[in-house]
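Visitor: I would like to go through this structure one question at a time. Please keep the answers brief and end each on the value or name I ask for.

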Amino acid sequence: MSLRAKSLKPFALIAPAVLLLGVFLVLPYINIVIMSLRNPGNGTPYAPGFTLGNYLRLFADSFYLEQTANTLMIGFITTFVCLVLGFPVAWQLAKTQMRFRGLAYGLVLSPLLVGIVIRSYGWTILLGNNGMINRTLISFGLIDRPLGLMYNSFGIVIALVHVFLPFMILPLMSALQGIDPSIEAAARSLGAGRITAFRRIVLPLAMPGIQAGCILVFVLSLSAYVTPSLIGGLRVKTMAVSVVDALIDTFQWPFGSAMALMLSLTGAMMVMLFARLTRMKWKAN
């Protein structure tokens, strides 16, 4: 094999992946950028010519800015709750010899085996004014009127946590399984307490799993459509729901593309900031 062929071999190996990303990721984003600069159409998806009016409309309207902030808040809260709930579960699965570990894995993965529409409808049955939770509380005399568990951010977060919790547990479990138990034992033998050993040894070593899980859950929460549309209804609209409404219901492709691009860029900036801050923090420690 010639020297030139050897030098081209690595590029040949990654060429299929690059081609796949280019066709299904880069080109669609270029199309979104171009569409966001189109003039709005009257009865058509867009009109001839280009304009920045879609972005000016987006940034000038406080409704969409508040909606973006609300979407980010839902994403942050969902990610935090998934991390708090998922870390103990991942620790239990990774570090202990459970008798029914296979069953525990199945329970963790069970939300992924049911369609997201069915899961969201299930939460409407539980959280509705005439749902199982409110009826149970009223029957026991604990409340006089139904609690507002749906059509608000609280209900959306609950449903999203149920949907995306496995995406937090699996990366955490993989990272925790890779930690050598003797490292923590050595820290304990040198006088470190449980909390100190966890904070100085386990947490930094588990940070790759924490980063991967948080990024996955946060990005999926920002782009979620079915769950916010069913649980939030018309009272709470996230940016993903508004994007679909603009593209399908009102037929405003340029404005919908501008909203989609803003949502993508905002999420990407939050992810890069999170990755940067966590990397700096644990390098300092």
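**Pockets, patch and pairings**

Guide: This is a predicted model. To begin with a pocket lining, α3 (62-95), α9 and α12 each supply at least two residues of the lining of the second largest pocket.

Visitor: Which helix gives the largest share of the lining of the second largest pocket?

Guide: The lining includes F76, F80 and L83, as well as C214, F218, M270 and F274. Helices α3, α9 and α12 each give at least two of the lining residues. The largest share, 5 residues, comes from α12.

Visitor: How many charged residues are in the lining of the second largest pocket?

Guide: Among the lining residues are T79, I215, V271, L273 and L277. By class, the lining has 11 nonpolar residues and 1 polar residue, and the number of charged residues is none.

Visitor: What is the volume of the second largest pocket?

Guide: A probe the size of a water molecule, rolled over the atoms, shows where space is left empty. For the second largest pocket, that space comes to about 270 Å³.

Visitor: And what volume does the largest pocket have?

Guide: The largest pocket has a lining of 16 residues. Its volume is about 320 Å³.

Visitor: Which residues lie nearest the centre of the largest pocket?

Guide: Helices α1, α9 (194-223), α11 (239-249) and α12 (253-284) each supply at least two residues of this lining. Helix α12 gives the largest share, 6 residues. Nearest the centre lie Y29, S223, A260, L263 and S264.

Visitor: How many residues in the lining of the largest pocket are nonpolar?

Guide: The lining of the largest pocket has no charged residues.

Visitor: Which helix gives the largest share of the nonpolar patch on the surface?

Guide: The patch includes L19, F24, L27, I34 and F50, and its residues together have about 1200 Å² of accessible area. L27 is one of the residues found in helix α1. The largest share of the patch, 11 residues, comes from the helix that spans residues 3-36, α1.

Visitor: Which two residues form a salt bridge?

Guide: Side chains of opposite charge can pair when their charged atoms come close. A search of the whole structure finds 1 salt bridge. At an N to O distance of 2.7 Å, the side chains that meet are those of D245 and K237.

Visitor: Is D245 buried or exposed?

Guide: Its partner in the salt bridge is K237, which is partly exposed at a relative accessible area of 27%. The cut-off for buried is under 20%. D245 has 15% relative accessibility, so D245 counts as buried.

Visitor: In which loop does Y151 lie?

Guide: Y151 is not a glycine, yet it has a positive phi of about 60 degrees. Y151 is partly exposed, with a relative accessible area of 38%. Its loop is the one between α6 (132-139) and α7 (153-177).

Visitor: What is the relative accessibility of F251?

Guide: F251 also is not a glycine and has a positive phi of about 60 degrees. Its place is in the loop between α11 and α12. F251 counts as partly exposed, because its relative accessibility is 37%.

Visitor: What distance separates the C-alpha atoms of I210 and A175?

Guide: I210 is found in helix α9. With a relative accessible area of 7%, I210 is buried. I210 and A175 are 35 residues apart along the chain, and their C-alpha atoms are separated by 8.2 Å.

Visitor: What share of the residues of the chain counts as buried?

Guide: The chain has 12 helices and 2 strands, in the order α-β-β-α-α-α-α-α-α-α-α-α-α-α. Its C-alpha trace spans about 80 × 75 × 35 Å along the principal axes. Of its 285 residues, the share that counts as buried is 35%.

Technical notes:
Residues numbered from 1 in each chain as written. Predicted model: local features only at pLDDT ≥ 70, side-chain atom pairs only at ≥ 80, totals over all residues. Heavy atoms only, no water. Patch = residues over 30% accessible without salt bridge, like charges linked within 9 Å, V, L, I, M, F, W, Y side chains within 5 Å. Areas by Shrake-Rupley, 256 points an atom, 1.4 Å probe, with all protein chains shown as cover. Salt bridge = Lys/Arg side-chain N within 4 Å of Asp/Glu carboxyl O. Helix = DSSP H or I, 4+ residues; strand = E, 2+ residues; numbered from the N terminus. 1 Å grid on protein atoms, 1.4 Å probe; cavity = no way out; pocket = protein on both sides within 12 Å on 5 of 7 lines; lining within 4 Å. Points joined across faces, edges and corners; volume = space filled by probe spheres on them. Nonpolar A, V, L, I, M, F, W, Y, C, P; charged D, E, K, R; others polar. Buried < 20%, exposed > 50% of the residue type's maximum accessible area, 1.4 Å probe, protein only.
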